[in-house]
Amino acid sequence: MRISKVYSWFYGYYPWMVVFATTLVLFGSLSKSNNNQDEVPLKASKFQKPLRLPNKGYGYPPVLAYWISGSKGDSNKMVRLLKAIYHPRNQYLLQLDSGSSDYERENLGLLIESETVLQTFGNVNVEGRSYAVNKMGSSALAATLHAAALLLKINSDWDWFIPLSASSYPLMNQDDLLHAFTFLPRDLNFIDYTSNPGWKQRGEINRIVVDPNLYYKSNTPINYDVETRKPDAFEIFGGSPWVILSRPFMEFCIYGWDNIPRKLLMYFTNVAYPLETYFHTVICNSFEFQNTTLSNDLRYDIIPKSPKPKILNTSKYGEIVAGESVFAQPIQEDDPLLNMIDEDVLHRMPDNFVPGSWSSCQVINQGEDLCYRWADIDTVKPGSKGIKLASLLTKLVEERRHNPSQCHQQHGP
Ligand SMILES: *[C@@H]1O[C@H](CO)[C@@H](O)[C@H](O)[C@H]1NC(C)=O
Ligand SMILES: *[C@@H]1O[C@H](CO)[C@@H](O)[C@H](O)[C@H]1NC(C)=O
């Protein structure tokens, strides 16, 4: 019923808007042909606000804000990943960089739009515009901050921001993860200072680099300068590029009432791999937030040591699923490893969503393949993985009390 309302609201507009009405995808190129403008200013109203707001507060599971970023050819991977991490409580933002074509981004919007479940809850958005990004450069940091800003604007009632790449995959279902996070202090940030000594070993931290993706339209390699610099106004920290950040800390970084996030953003514009250092440095140099980190990235990851990072495959399956990691990456599209995780860990049927306590559907209108009334989205039923992770996190948070600032847990000198 709700769906048809959304449609009728849009009927007075251009016919193409009807097509995208439910996902409210904003396509710069299409708007351009209608408005004859180069850049159409982003209007928050173009993004879909969640249609069912979860209950929040003491004892309720948190709300996670996921950002899935990809490039040319990643649409199918992104949809598969979305289905593997979907829960109606959460918020999702999908974004393709300028390696992708307009057609690809439209198609991604259509894939999302064609899913009844996603329409019912209205908690998935696709960014229709694209820009150049290089994972090694500051354009990747800008994209991450942009995604967090959009998620705050769409609906700021989430608790953690989780950036994923199209090559990531979950190692537990959302009922497990939401359960494990229910008991955590909501200001906790997962920033790992230990698992990636690479950022120091490369010795590039003081080297000035320029990321041309900030001023070119297409994806471009970054440039190294011969000059170096050594800051003394702040200390640089680094570690794993994979983070899970609390909403208070994201607001601190995005709104910038303190100058440190902005100042460091300007500094890190000319640093290689700023995703391995920016959030680490901001948090450790902010009195207000320095004691809110847990040095663990919850990822099973092969940190890229060469320009061509190693890809995870089935030979590591046992090791990948045995640990406490919540996500693994990078995994190639259609690698049998994904099917193994689907079958044994997530219990996900091909093309379907991961079943959870929300998805037991009471079909009122028998015969129609639609689900009008969904089970409760405010309770989760954890399995053994969720219970194990909850006790591990409780232990780590407890240990943290003795050593509230985890900034100096880094490897190396
Ligand atoms: C963080 O922990 C350190 C060490 O225990 C303490 O000196 C400092 O005051 C704490 N900062 C805040 C904001 O609580
Ligand atoms: C899996 O990856 C390892 C390296 O991590 C490689 O040696 C092996 O050949 C790969 N196996 C398959 C089936 O691709």
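Buried means under 20% relative accessible area, exposed means over 50%, and partly exposed lies in between, with a 1.4 Å probe and protein chains only. By that scale Arg-401 is exposed, at a relative accessible area of 60%.

Welcome to this structure, a predicted model in which local features need pLDDT of at least 70 and side-chain atom pairs count only at pLDDT 80 or more, while totals for chains, interfaces and linings use all residues. Residues are numbered from 1 along each chain as its sequence is written, and side-chain values use heavy atoms, with hydrogens and water left out.

**Charged pairs**

Side chains of opposite charge can pair when their charged atoms come close. A salt bridge here is a side-chain nitrogen of Lys or Arg within 4 Å of a carboxyl oxygen of Asp or Glu. Searching the whole structure turns up twelve salt bridges. Here are three of them, including the one made by Arg-401.

| Pair | N to O distance |
|---|---|
| Glu-115 and Lys-83 | 2.8 Å |
| Arg-186 and Asp-159 | 3.6 Å |
| Arg-401 and Glu-398 | 3.5 Å |

Let us start with Glu-115 and Lys-83, whose side chains meet in a salt bridge. This pair links distant parts of the chain, 32 residues apart: Glu-115 sits in the loop between α5 (102-113) and α6 (116-121), and Lys-83 in helix α4 (residues 75-84). Helices (H or I, at least four residues) and strands (E, at least two) are DSSP runs, numbered from the N terminus. Both partners, Glu-115 and Lys-83, are buried.

Next comes the salt bridge between Arg-186 and Asp-159. Arg-186 is in the loop between α8 (174-182) and β6 (189-190), and Asp-159 is in the loop between α7 (138-154) and β4 (160-165), so the pair ties together parts 27 residues apart in sequence. Arg-186 is partly exposed at 27%, whereas Asp-159 is buried at 6%. These two residues also belong to a network of salt bridges with Lys-56 and Asp-157.

**Nonpolar cores**

A nonpolar core is a set of buried Ala, Val, Leu, Ile, Met, Phe, Trp, Tyr and Cys residues joined through side-chain atoms within 4.5 Å. The largest one has 62 residues, and Tyr-86, Leu-94, Phe-181 and Leu-393 touch the most other members. Helix α15 (residues 384-400) gives the most to this core, with six residues. A second, separate core holds 44 residues, among them Ala-140, Ile-154, Tyr-193 and Phe-289.

Notes:
Chains lettered and ligands numbered in written order.
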